[in-house]
Amino acid sequence: MKSRKAKVFRPTAFSFPYLAVTLVFVIFPLVLVLVYAFRGEDGTMTFDNFIHVFSEAENLRQLGATLGIAALSTSICLLIAYPVAFILASSPFNKMAILSLLFIIPMWINFMLRIFALQSLLSMIGVNKSYFSAVIGMVYDFFPYMLLPIYTVLSNMDKSYVEASRDLGAGPVKTFTRVTLPLSLPGVISGISMMFMPIFSSYSITKMMGDANTTVIGAKIANLFENQNYGNYGYGSALSFVLLVIVIIVMLIGSFLSSRTNKAPKGGKA
Amino acid sequence: MNKTSSVVSLIVKWFILIVVLTAIYLPLLMIIVYSFSTSQSVGGEYGKFTFTLYSKLFQNEKLLDATKNTLIIGLVSALVATVLGTTASVGIHYMRTKIRSVVDAASQITVVNAEIVTAMGFFLLMIFLRDVIDLPVNFGLTWLIIAHIVITTPYVILTVTPRLKQLNPNLLEASMDLGAGPMRSLITVMLPQLAGAMVSGFALAFTLSLDDFVITNINSFGANIDTISTYVYSGIRKKGIPVEIRALSTIIFVVVLTALIVYNVVKNKKAKENKVN
């Protein structure tokens, strides 16, 4: 006879501990951010915190600067990572497993220590802390995360597409722009998404590598919370809420782009 | 003619790879070289080859504490995240499609969200628990471990779920129909087949935890506790990083390199053996 309990039990119940954790430690904190963002000092609902965020020119300037440094660093990183991924995925390099491993290894080394190493080297060769060196820091830090998805897509790509294109008379440049590049776009998009948004929070890099004027919006939020002062929580939460909206917008753009690029090869097949 | 152009392109390709590899490893190499010197800065006058920094490292209580904290947080959180993430994957796997897509989306929140917002959420949660509903809790090692569990578990789920999809979906139900309880079915039927994915998930969670800075930094404002990341960061902001950090870095670089190369050699060997069989 089966026990009654075993019959009632459904395998989905295995996820309940995790669901509880997510509810308490992921969803509820976001609700708290919302509550604090819309709460005035007297406890009533107010838009004051948001008015505060948008009335300070400094905030808008910092948001713009963050978008700027994220776009610049991500583009430079992509421009270096793509050719490297392309070479590593092509023969004869694709047979040297250790070679591609060497490019990915930094991923497993504490990023703060890598930034420390890079900063030591730059100051040794006489590069001062500046906007430019902060960008170098970002590129250095995120390089393996940009490289890996592009490399994975390129090395798993069906080589017969390229061969077909060459057989049909397209030159290497045309084959690349019309076949290889479109097919590798999912990897490119995932590489960009591994870098673009995280830069908003990477105030440690701008602080360690940049000059006093180089900063990201994450630094501002961290500062507000560092001075354990209740009055700042509402302001900091409102800023975080704005950041959350940016995250959602960037995500929507990303999923829109990847749904478009996923369609492209299918259309080619038919 | 075709041959020379392919030789040229091969040289150009090697050149690009070597330039990038040099850029990646030169900073690390300089730290290793200068970990055997007492020079105040990397690139300064080298002086004599010495192990002074290594003996200094083992006298720097704060740095040793930070290393210990990093390892404790990493190991405990990765262990719990592996268990939590694996059971979650199994549960989510058996959900109806509609509910599953909602849970999947919820589990990705911390992955796609800006880290600073997640960090702040944890911070506000602690303030809420401590000051609003007056629980006897506070920032500290336990809180950091919890935070790391929460941020690394989704990655374990991402690692285990693909493996789960390859398994026969009727196995768990067959085991339960044959009279094994749900726990026993999970442990004796599912887990052995998921072991490989769980190890990868654990490794991923562990490295993510070691690498974390933002969550740890924001949530240690209220507690006097450091990990390697926050220690180095506060060193740069305050009186400068102590020179013995170069010795610690060297040890970490060497350990990581050795571990990864051994792991890959073993993996390649296994793959070859499987091919022979």
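## Chain A: overall architecture

Chain A contains 13 helices and zero strands, where helices (H or I, at least four residues) and strands (E, at least two) are DSSP runs numbered from the N terminus. Its pattern along the sequence is α-α-α-α-α-α-α-α-α-α-α-α-α. The structure is a predicted model, in which local features need pLDDT of at least 70 and side-chain atom pairs count only at pLDDT 80 or more, while totals for chains, interfaces and linings use all residues. Residues are numbered from 1 along each chain as its sequence is written, and chains are lettered from A and ligands numbered from 1 in the order in which they are written.

The radius of gyration of chain A is 24 Å, whereas a compact globule of 270 residues would have a value near 18 Å. This radius is taken over C-alpha atoms, and the globule rule is 2.2 Å times the number of residues to the power 0.38. The C-alpha trace of chain A spans about 80 × 75 × 35 Å along its principal axes. Of the 270 residues in chain A, 39% count as buried. A residue is buried if 20 or more other C-beta atoms lie within 10 Å of its own, exposed if 12 or fewer, and partly exposed in between, with C-beta atoms placed from the backbone. Among contacts in chain A with a separation of 6 or more, 73% are accounted for by residues 24 or more positions apart; two residues are in contact if their C-beta atoms, placed from the backbone, lie within 7 Å.

## Leu99 in chain A

Leu99(A) belongs to helix H5 (residues 97-104) of chain A. Leu99(A) counts as partly exposed because it has 14 C-beta neighbours inside 10 Å. Leaving aside neighbours within four places in sequence, Leu99(A) is in contact with Leu88(A) and Phe93(A). Ala117(A) lies 18 residues from Leu99(A) in sequence, and the two are 22 Å apart in space, C-alpha to C-alpha.

## Chain B: overall architecture

Chain B has twelve helices and zero strands. From the N terminus on, its elements run α-α-α-α-α-α-α-α-α-α-α-α. The radius of gyration of chain B is 24 Å, well over the 19 Å that the globule rule gives for 277 residues, so chain B is more spread out than a compact globule. Along its principal axes, the C-alpha trace of chain B spans about 75 × 75 × 35 Å.

In chain B, 36% of the 277 residues count as buried. Of the contacts in chain B between residues at least 6 apart in sequence, 75% join residues at least 24 apart.

## Thr216 in chain B

Thr216(B) is located in helix H10 (residues 214-219) of chain B. Thr216(B) is buried, because 23 other C-beta atoms lie within 10 Å. Not counting residues up to four places away in sequence, Thr216(B) touches Leu144(B), Thr227(B), Ser229(B) and Thr230(B). Thr216(B) and Pro136(B) are 80 residues apart in sequence and 21 Å apart in space, C-alpha to C-alpha.

## The interface between the chains

The contact between the chains takes 64 residues from chain A and 72 residues from chain B. On the side of chain B that touches chain A, helix H1 (residues 2-34) of chain B contributes the largest share, eleven residues. The residues on this side of chain B divide into 52 nonpolar, 16 polar and four charged. In this classification, Ala, Val, Leu, Ile, Met, Phe, Trp, Tyr, Cys and Pro count as nonpolar, Asp, Glu, Lys and Arg as charged, and the others, Gly among them, as polar.

## Helix pairs across the interface

Helix H12 (residues 217-226) of chain A packs with helix H6 (residues 115-132) of chain B at an angle of about 15°, with their axes 10 Å apart. H12(A) is therefore roughly parallel to H6(B). Axes are lines fitted to C-alpha atoms, for helices over the stretch in contact, and angles run from 0 to 180 degrees between N-to-C directions. Angles under 35 degrees count as roughly parallel, over 145 as roughly antiparallel, 65 to 115 as roughly perpendicular and the rest as oblique. H12(A) passes H6(B) in a left-handed crossing; a crossing is left-handed if the near helix is turned anticlockwise from the far one by less than a right angle, and right-handed if clockwise. Gly218(A), Ile221(A), Ala222(A) and Phe225(A) in H12(A) meet Ile116(B), Met120(B) and Phe123(B) in H6(B). The residues of this contact comprise six nonpolar, one polar and no charged.

Helix H2 (residues 16-37) of chain A and helix H7 (residues 141-166) of chain B have axes that come within 11 Å and cross at roughly 115°. H2(A) and H7(B) are therefore roughly perpendicular to each other. The crossing of H2(A) past H7(B) is left-handed. Tyr18(A), Val21(A), Phe25(A) and Val26(A) of H2(A) make the contact with Ile146(B), Val150(B) and Thr153(B) of H7(B). By class, the contact of H2(A) with H7(B) has six nonpolar, one polar and no charged residues.
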